[in-house]
2 protein chains.
Amino acid sequence: MSSSYYAQEIHGPFERFDLGDFELESGEQIRDLKLAYSTFGILAPDRSNAVLFPTWYSGTSKIIEQAYVGAGRGLDPEKYFIILVNQIGNGLSSAPSHTQQPFNGPRFPRVSIADDVRAQHKLVSEKFGIEKLALVLGGSMGAQQTYEWAVRFPDRVERIAPIAGTAKATPHNKFVVQTFIDAITSDPAFEDGWYREGAVHRGLRRHARLFASSGFTPVLFNTSAWRDIGFTSVDDFVTGFVENHFLPQDPNNLILLLQKWHGGDVTTATGGDLKTALAGIKAQTFVIAIDEDGFFPVKDIEAEQKLIPHSVLKRVSSIWGHLALFGIDAGYNAAIDRHLKELLAA
Amino acid sequence: MSSSYYAQEIHGPFERFDLGDFELESGEQIRDLKLAYSTFGILAPDRSNAVLFPTWYSGTSKIIEQAYVGAGRGLDPEKYFIILVNQIGNGLSSAPSHTQQPFNGPRFPRVSIADDVRAQHKLVSEKFGIEKLALVLGGSMGAQQTYEWAVRFPDRVERIAPIAGTAKATPHNKFVVQTFIDAITSDPAFEDGWYREGAVHRGLRRHARLFASSGFTPVLFNTSAWRDIGFTSVDDFVTGFVENHFLPQDPNNLILLLQKWHGGDVTTATGGDLKTALAGIKAQTFVIAIDEDGFFPVKDIEAEQKLIPHSVLKRVSSIWGHLALFGIDAGYNAAIDRHLKELLAA
């Protein structure tokens, strides 16, 4: 299953940028690191119109293309050169599932959000010769990467739009993420990560259901709003939409991503102090929160936004909660487009 | 473990009322049903001062006594005759763990909220000769039983105070409850309910963590407010408080209770129509909601309250969220006392 899922036919077309042996913040290395990415639009001669959009948990460049890129949208390929980059471990970029033994599966080293951003920085500089990005944005784990960009490379980003995510994972958020990891690893078929392909489906299904129970909102379930996308019952919806999303993915890949999410923290470079880290952001910042978000409450997002110099908080509402990110709510999509246009015009 | 947990030494003193063979709504029966209860105060000669308070999920009469009953409190034994009744399946009342084979463990029949209320009605009438209860109240599953009392026996209850619960379990609530059940039954040691004592502790621990992640609030975790009750880290708190609460309990008992919660629905007697069911309530009603409740959002509680003739919505706030019910938040306790005094004076 998983080998065919991560293919060009499903998620392409995408390119791969080869970074060679890449040293991680931990001191470990990924041998022959490859970052998969897709681009849309044309890079201006002065390279001033580049937008970078890294992926969220379990997503690829494909869903971001479908949900956010288009003529007349906030991210319009007529105007911008848009780079959708797949985070390390998502299966299009290097990942446990696509590494030769002996460093495959659970032996693939742990990766941090900072590692992704350092690798993306090389992609942007070396492959495209871009000095300064017009915009970095992303949702959820993409927001973590966005914040890391602005803190780590303050002079390389003109604007940022972190959506439904935080610069430093909160204790509650970490706790919830750990329940996702446990749902997968507690499946006896997981066997310390040395499972047979497809064997961990019970764990993945349980993980999917935990994801659904807070990722969506009570209102979505209680008003049967999932009917809008063609399902017939709560179970039909959760199985057909959420389990279906996770089942073809590789458990070790997902766990690598979840651990990265769990460890997301822009303050590693500033000795743990969030105030100092966020005060160093120079980019024009639209912090976007989803009012109904069960993973990233507005309160937590706003607390960080207040520490960022040139920032505004934009609140969006959706009965799809955190998973409005997927682009299934026309109201959410329109609001995001409006905010991105305003930010890009600034 | 479980056999010693459900003992007089820990949860007593309590009495047991013997109902003999008790026919359930399903047509099945519990042989030799016993309801465990504790009483406080003295029943007035005209039997007008009786209060009934059934237990919530995984709770017993003991914690309700500790959290809600006392001189000067809303439930003052100087004024009222207070009956704290243990719901069927909680281990003090008849339960899978305390039934002789062959009807023990997973062979114990499924029970509904209505079954509990029918059994409690017999206790109140036959044991104490009470015609009309001055107040029925309860939190969470106790609220489900409270609503069932008011709908099923409208002339037997003068006042009700359902706290942090619903008359009919919502689709989202049912979905969440099912993830709790799955966390236990997916433990290989569960063995279809024929586990060795203590063997299912991994499943119980996972279930405890899911319970904690929505039962408490993000703010509680993010402000380390668990320090107020003496813990040193998130993990120390969740293990020492929540895992510790569930580990000594019997998995089959908990599943029986969760299935009862899942099926909670006052409309079974009114052909599924909630409006009709709630319109029949004659009691003075204070519907109490906790603003931060992750299991029972205020929105869902209010939607039902509006269908109840003589009702008022009272909102209480607590960073302990749903689990403020446990009585750990002095602010919550004071607010509840205030509301109960007002209701009892009406």
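This is a predicted model: local features need pLDDT of at least 70, side-chain atom pairs count only at pLDDT 80 or more; totals for chains, interfaces and linings use all residues.
Colleague: Why is the pair A:Asp18 and A:Lys34 called a salt bridge?

Modeller: The side chains of A:Asp18 and A:Lys34 come to 3.6 Å, N to O, and because the cut-off between a Lys or Arg nitrogen and a carboxyl oxygen of Asp or Glu is within 4 Å, the pair counts as a salt bridge. A:Asp18 belongs to strand S1 (residues 15–23) of chain A and A:Lys34 to strand S2 (residues 29–40) of chain A, so the pair ties together parts that are 16 residues apart in sequence.

Colleague: What makes A:Asp18 partly exposed?

Modeller: The relative accessibility of A:Asp18 is 41%, and since buried requires under 20% and exposed over 50%, a value in between is called partly exposed. A:Lys34, with a relative accessible area of 26%, is likewise partly exposed.

Colleague: What makes the pair B:Arg152 and B:Glu25 a link between distant parts of the chain?

Modeller: B:Arg152 lies in helix H5 (residues 141–152) of chain B and B:Glu25 in the loop between strand S1 (15–23) and strand S2 (29–40) of chain B, 127 residues apart. The closest N and O atoms of this salt bridge are 3.4 Å apart. B:Arg152 has a relative accessible area of 25% and B:Glu25 one of 45%, and both values fall between the 20% and 50% limits, therefore both residues are partly exposed.

Colleague: How many salt bridges does the structure hold over all chains?

Modeller: The structure holds 34 salt bridges over all chains.

Colleague: Turning to the helices, what is the handedness of the crossing of H7(A) and H6(B)?

Modeller: The crossing is left-handed. The axes of helix H7 (residues 201–215) of chain A and helix H6 (residues 171–185) of chain B come within 10 Å and cross at roughly 145°. Among the residues making the contact are A:Arg206 and A:Leu210 of H7(A), and B:Phe175 and B:Asp182 of H6(B). By class, this contact of H7(A) with H6(B) has four nonpolar, three polar and three charged residues.

How values were computed:
Residues are numbered from 1 along each chain as its sequence is written. Chains are lettered from A and ligands numbered from 1 in the order in which they are written. Side-chain values use heavy atoms; hydrogens and water are left out. Helices (H or I, at least four residues) and strands (E, at least two) are DSSP runs, numbered from the N terminus. Buried means under 20% relative accessible area, exposed over 50%, partly exposed in between (1.4 Å probe, protein chains only). Axes are lines fitted to C-alpha atoms, for helices over the stretch in contact, and angles run from 0 to 180 degrees between N-to-C directions. A crossing is left-handed if the near helix is turned anticlockwise from the far one by less than a right angle, and right-handed if clockwise. Contact means heavy atoms within 4.5 Å. Ala, Val, Leu, Ile, Met, Phe, Trp, Tyr, Cys and Pro count as nonpolar, Asp, Glu, Lys and Arg as charged, and the others, Gly among them, as polar.
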